[in-house]
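Trainee: I am new to this structure and would like to learn how to read its features. Could you walk me through some of them?

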Amino acid sequence: SMPRSDGAVSVSSMDSDIIRALTWLYTNRSALRLAAVNLSLGSTPGAPSCGADIGGVEIRRLSDAGIPVVVAAGNESNQNLVSWPACISGAVAVAASEPVDYNATGWGPLQVSSFSNGGSGVDIAAPGQYIVSTSPGNQWGYWAGTSAAAPHVAGAAALWKTYFPNE
């Protein structure tokens with residue numbers, strides 16, 4: 001792990017570690033009562049892992065079992081490509097959205113955030129700007145990014161399954 005200038009920690013992993021985790025989740029899905037998987041991570045848009053379908057079998061296996069694998073689209077402002085593993089068929093790729101005009105009275109119409117990857121590889125956009133979350137040092141702060149947007153979609157999928165377990 002690497003400390004960032006804001007005190008947060010950036011962690012990296014190997015593709016094989018992520019695939020192993022997805023395999024473990026699939027194997028243990030019943031015991032965990034798994035409703036959705038969130039992957040707030042990624043690589044550069046159009047990475048070789050995309051074309052090689054790295055992790056595709058594991059993502060589609062979960063998806064075919066009714067467990068959506070929700071993945072951050074990436075924050076490189078690329079309007080044509082999304083990051084790995086959002087680029088994998090079967091993943092739910094999430095872009096970040098933000099208000100067109102944010103003011104104290106609330107959110108108005110939304111637009112895809114300028115930093116968010118986009119294009120045809122994106123399945124849905126969710127709030128990804130002005131997200132209140134925990135910060136280092138027992139603090140609260142505002143976060144932005146597709147990694148902040150993806151959990152909204154994974155949470156909505158889990159909530160949906162709570163109310164409609166047979167769908």
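Mentor: Gladly! Keep in mind that this is a predicted model. Let us begin with R33, which is exposed because its relative accessible area is 74%, over the 50% cut-off.

Trainee: Where is R33 found?

Mentor: R33 is in the loop between helix 2 (29-32) and strand 3 (37-39). Now a word on backbone angles. Most residues other than glycine have a negative phi, and most peptide bonds are trans. R33 has a positive phi of about 50°, although it is not a glycine.

Trainee: Which phi does Y130 have, positive or negative?

Mentor: Y130 has a positive phi too, of about 60°, and is not a glycine either. Y130 sits in the loop between strand 7 (124-127) and strand 8, and it counts as partly exposed at 37% relative accessibility.

Trainee: And the peptide bond from W84 to P85: is it cis or trans?

Mentor: That bond is cis, with omega near 5°. P85 belongs to the loop between strand 4 and strand 5.

Trainee: Which residues form a disulfide?

Mentor: C50 and C87 do, with their sulfur atoms 2.0 Å apart. The structure holds 1 disulfide. C50 lies in helix 3 (residues 48-51) and C87 in the loop between strand 4 (69-72) and strand 5 (91-99), so the bond ties together parts that are 37 residues apart in sequence. The torsion about the S-S bond is about -95°, so this disulfide is left-handed. As for cover, C50 is buried at 18% relative accessible area, while C87 is partly exposed at 26%.

Trainee: How should I read an aromatic pair?

Mentor: A pair of aromatic rings is described by the distance of the centres and the angle of the planes. There is 1 aromatic pair here. The ring centres of W160 and F164 are 4.4 Å apart and their planes meet at 35°, so the pair is tilted. W160 is partly exposed at 45% relative accessibility, and so is F164 at 34%.

Trainee: What lies over the ring of Y26?

Mentor: R29 lies over the face of Y26, at 3.9 Å from the ring centre. The charged end of R61 also sits over the ring of Y26, 5.2 Å from its centre.

Definitions and conventions:
Residues numbered from 1 in each chain as written. Predicted model: local features only at pLDDT ≥ 70, side-chain atom pairs only at ≥ 80, totals over all residues. Heavy atoms only, no water. Phe/Tyr/Trp six-rings, centres within 6.5 Å; stacked < 30°, edge-to-face > 60°. Buried < 20%, exposed > 50% of the residue type's maximum accessible area, 1.4 Å probe, protein only. Lys NZ or Arg CZ within 6 Å of the ring centre and 35° of its normal. Disulfide = S-S within 2.5 Å. Helix = DSSP H or I, 4+ residues; strand = E, 2+ residues; numbered from the N terminus.
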